[in-house]
Amino acid sequence: MNALLNPIRRLGALSINAIWRLGFISRFFVAILLNSGQSLLRFRLTIREVYFAGVLSLIIIIVSGLFVGMVLGLQGYNTLARFGSADALGALVALSLLRELGPVLAALLFASRSGSAMTAEIGLMKATEQLEAMSVMAVNPIARVVAPRFWAGVISMPILAALFNVMGILGGYLVGVEMIGLDAGTFWSQMQNNVDLHYDVVNGLIKSLFFGMAVTLVAVFEGYDATPTAAGVSSATTRTVVTSALVILALDFVLTAFMF
Amino acid sequence: MKRSTIDLWVGLFVAIGIAAVTFLSLKVANLTPQSGSDTYTLTADFDNIGGLKVKAPVKSSGVVVGRVTKIELDTKRYVARATLTLDKQYQFSRDTSAEILTAGLLGEQYIGLVQGGDPDNLASGDSISLTSSALVLEQLIGKFMTSFAEKGSQDAPAKTE
């Protein structure tokens, strides 16, 4: 009998745990919003985190953006040339970057570079009982540690995504115009005729804003929720990257369905 | 790390972000602020605009002279009214004709303007009266089919005689 019931029990426990975590992360989000007054008033705390989350991600974003744009240029040219419309390469590169690849890839990179670092940092603070020490000193750890990191992520993400887009478009330009030899004027004018400021550029930035909120929320939550041991911090870091990636891609589908 | 160094880097970071967004809006999305003083608007009524869209180019001899800014249905006469915003440096005579053309076989549709001979120019808000509609492929095939069928029915009795 037990052999029959145990798998069902395990399924039940898994579902309850999943729902419990969902509820916890929602309440945690509300707690961050309620406690973010201090991080916005003492903005220096947030600026420090923007440095660690945003500025230190610049290199990876710039290099990956350039290479993604160059690959798009090569692949797009090969496919478009088959239909005799290689002129549309500029539009193809710009639209695919602005609408999808820029926000999504920048968010994935941000999650693996900065999100994991946030989780590890907060998790280690918890493991070494720094968070409890703060509570003892009547300093709210959510206001002092979590909220500045959250807002830093929300600020950094659109900037990184915009930079990713620019580098990608430059990469597409390098391959399409400098290497393959398309006409530079056609490249830019096709792009300008087909890209709409509100519809493509602004919607892409709104997307990256949502991704920034989702990634940093997952990262700080996993850190705060980590089992305070070395193994616990390590598994929390892994969970941050996996969960953020899934959340980004699912959220991307929902946002795309609403926007375009 | 010193506070001032962090501030410098974050300042640079935000500046790069602003520059990136500016580049995207100006160079990529081509947000050239066409102020009202440099443009004027004309309207043109078409029986059928086919696949013409807002922001489609208006060309004269292949040169882009403006854009379609509004398309609406005139509910009195049931014709499509396109509003064209043209660059002020391009003036057209009163008997200019407008036609809807297609770039390439399957390309985007645009409005072509052909300059007339009237010495007076169109002023802002005027309407272009000489227009020809878009070629709709289905109608073209339909006409071809009916003319084909008519030809066939004319031939048929000749054979029975």
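Axes are lines fitted to C-alpha atoms, for helices over the stretch in contact, and angles run from 0 to 180 degrees between N-to-C directions. Helices (H or I, at least four residues) and strands (E, at least two) are DSSP runs, numbered from the N terminus. The model is predicted: local features need pLDDT of at least 70 and side-chain atom pairs count only at pLDDT 80 or more, while totals for chains, interfaces and linings use all residues. Residues are numbered from 1 along each chain as its sequence is written, chains are lettered from A and ligands numbered from 1 in the order in which they are written, and side-chain values use heavy atoms, with hydrogens and water left out.

Q: What are the angle and the axis separation of H7(A) and H8(A)?
A: Helix H7 (residues 141–180) of chain A packs against helix H8 (residues 184–194) of chain A at an angle of about 145°, and their axes are 10 Å apart.

Q: Which residues of H7(A) and H8(A) meet?
A: Ile169(A), Gly172(A), Tyr173(A) and Val177(A) of H7(A) meet Ala184(A), Phe187(A), Trp188(A) and Met191(A) of H8(A), where contact means heavy atoms within 4.5 Å. By class, seven are nonpolar, one is polar and none is charged. Ala, Val, Leu, Ile, Met, Phe, Trp, Tyr, Cys and Pro count as nonpolar, Asp, Glu, Lys and Arg as charged, and the others, Gly among them, as polar.

Q: Why is H5(A) called roughly parallel to H9(A)?
A: Helix H5 (residues 89–127) and helix H9 (residues 197–225), both of chain A, pack at an angle of about 20°, with axes 8 Å apart. That angle makes H5(A) roughly parallel to H9(A), because angles under 35 degrees count as roughly parallel, over 145 as roughly antiparallel, 65 to 115 as roughly perpendicular and the rest as oblique.

Q: What makes the meeting of Asp7(B) and Arg44(A) a salt bridge?
A: Their side chains have an N to O distance of 3.0 Å. The term requires a side-chain nitrogen of Lys or Arg within 4 Å of a carboxyl oxygen of Asp or Glu, so the pair qualifies. The count between chain B and chain A is one salt bridge.

Q: What is the area buried between chain B and chain A?
A: About 2,300 Å² is buried, 78% of it from carbon and sulfur atoms. Buried area is the accessible area (1.4 Å probe) that two parts lose on being put together, summed over both.
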